[in-house]
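Here's a quick tour of one protein model, written for someone who likes cut-offs spelled out. Have the viewer open and follow along.

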Amino acid sequence: MTGESEERLDFSLETSGVEEEASLGITLVRLDQEYLGLEVLDVQEVITVDILTPLFRLPPHILGVINLRGHVLPVAQLGTLLGLPSAGATRGVVVRSPADAMHQAAFLVDVVIGIRWVRPSSLMEVPPTVEEDRREFFRALVPGKPAAILLRSERLFHSQSWCTK
C-alpha cells in the first residue's frame, strides 16, 4: 500500500457447527471510511484509471470514458452515485451488468481490499435507517471485520441517476 497503514481484515470463513453451504465471493472495496462489496462474478477486473476523456452534459457521477483494450467504458465515481465521499478515488473496478454482460463500466473506489468468502445465509438485512434514495443500491450487510455493504450490481447500471437531468 502506498503510504497508508496496513489494514488488518478478517477474510476467514466461519465453519463451526454449520453444514456445508456454497460460498459467495465478494470483492471488498473501500470508499472513504465505508466498506462495500460486489459479487465476484460481477467484477471483471481491477484497473488504475490514468487517462480519462471527459464528456459533457452527463450526471455528476459519470466522469467520462476510458479506452480499455479497444473498448470504450464509462467511468463513474461510485461514491457520488451512492452519496458518499469519494475525492481522489483512482482505482477502477470494472463491473459487468448481471442482466447483460455487454454492459460494463469502471466504478472508481479508494482501495480494493480483496475477496471475502461468506455463506449466503450469513448475509444480514439492510437496516431501515438507511436513506431511501441509497437503499436501492444495497442488497445486504456482509458480516466480518470490517462489516461491509453488499451492493446490487444491477442497480448500479439501471438507476435513474444515470439519466441526465
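## The nonpolar core

Let's start inside: the largest nonpolar core has 23 residues, and L36, L78, L82, F107, F138 and L156 touch the most other members. A nonpolar core here is a set of buried Ala, Val, Leu, Ile, Met, Phe, Trp, Tyr and Cys residues joined through side-chain atoms within 4.5 Å. Buried means under 20% relative accessible area, exposed means over 50%, and partly exposed is in between (1.4 Å probe, protein chains only). At least two core residues come from each of β1 (24-31), β2 (34-39), α1 (78-82), β6, β7 (104-109), β10 (148-151) and α3 (153-158). These labels are DSSP runs numbered from the N terminus: helices are H or I with at least four residues, strands are E with at least two.

F138 is worth a click. Ignoring neighbours within four places in sequence, F138 is in contact (heavy atoms within 4.5 Å) with L82, V126, V130, I149, L150, L151 and R152.

## Ground rules

This is a predicted model, with pLDDT of at least 70 needed for local features and 80 or more for side-chain atom pairs, while totals for chains, interfaces and linings use all residues. Residues are numbered from 1 along each chain as its sequence is written, and side-chain values use heavy atoms, leaving out hydrogens and water.

## The five-stranded sheet

Five strands make an open sheet with mixed pairing, in the order β3-β6-β7-β5-β4. Two strands count as paired if DSSP finds at least two bridges between them. At the edges stand β3 (43-48) and β4 (62-68), each with a single partner strand, so one side of each has no neighbour in the sheet. On average, neighbouring strands are turned by 30 degrees against each other, direction ignored; the axes are lines fitted to C-alpha atoms, for helices over the stretch in contact, with angles from 0 to 180 degrees between N-to-C directions.

I47 has G92 in β6 as its bridge partner.

## Around β10

β10 has two partners to look at. It pairs with β2 in the parallel sense over two bridges, where G37 stands opposite L150. With β9, β10 runs antiparallel over four bridges, and I149 in β10 is the bridge partner of L141.

Where do the side chains of β10 point? A148 and L150 go one way, I149 and L151 go the other, and all are buried. In a regular strand, side chains alternate between the two faces of the sheet. The hairpin of β9 and β10 has five residues between the strands, and G144 there takes a positive phi near 130 degrees.

## Charged residues

How many salt bridges does the structure hold? There are four, counting a side-chain nitrogen of Lys or Arg within 4 Å of a carboxyl oxygen of Asp or Glu. In one of them, R139 meets E39 with the closest N and O atoms 2.2 Å apart. That pair links distant parts of the chain, R139 in β9 (residues 138-142) and E39 in β2, 100 residues apart.

E136 and R155 form another, at 2.6 Å from N to O. E136 lies in the loop between α2 (132-135) and β9 and R155 in helix α3, so the pair ties together parts 19 residues apart in sequence. Both are partly exposed, E136 at 29% relative accessible area and R155 at 27%.
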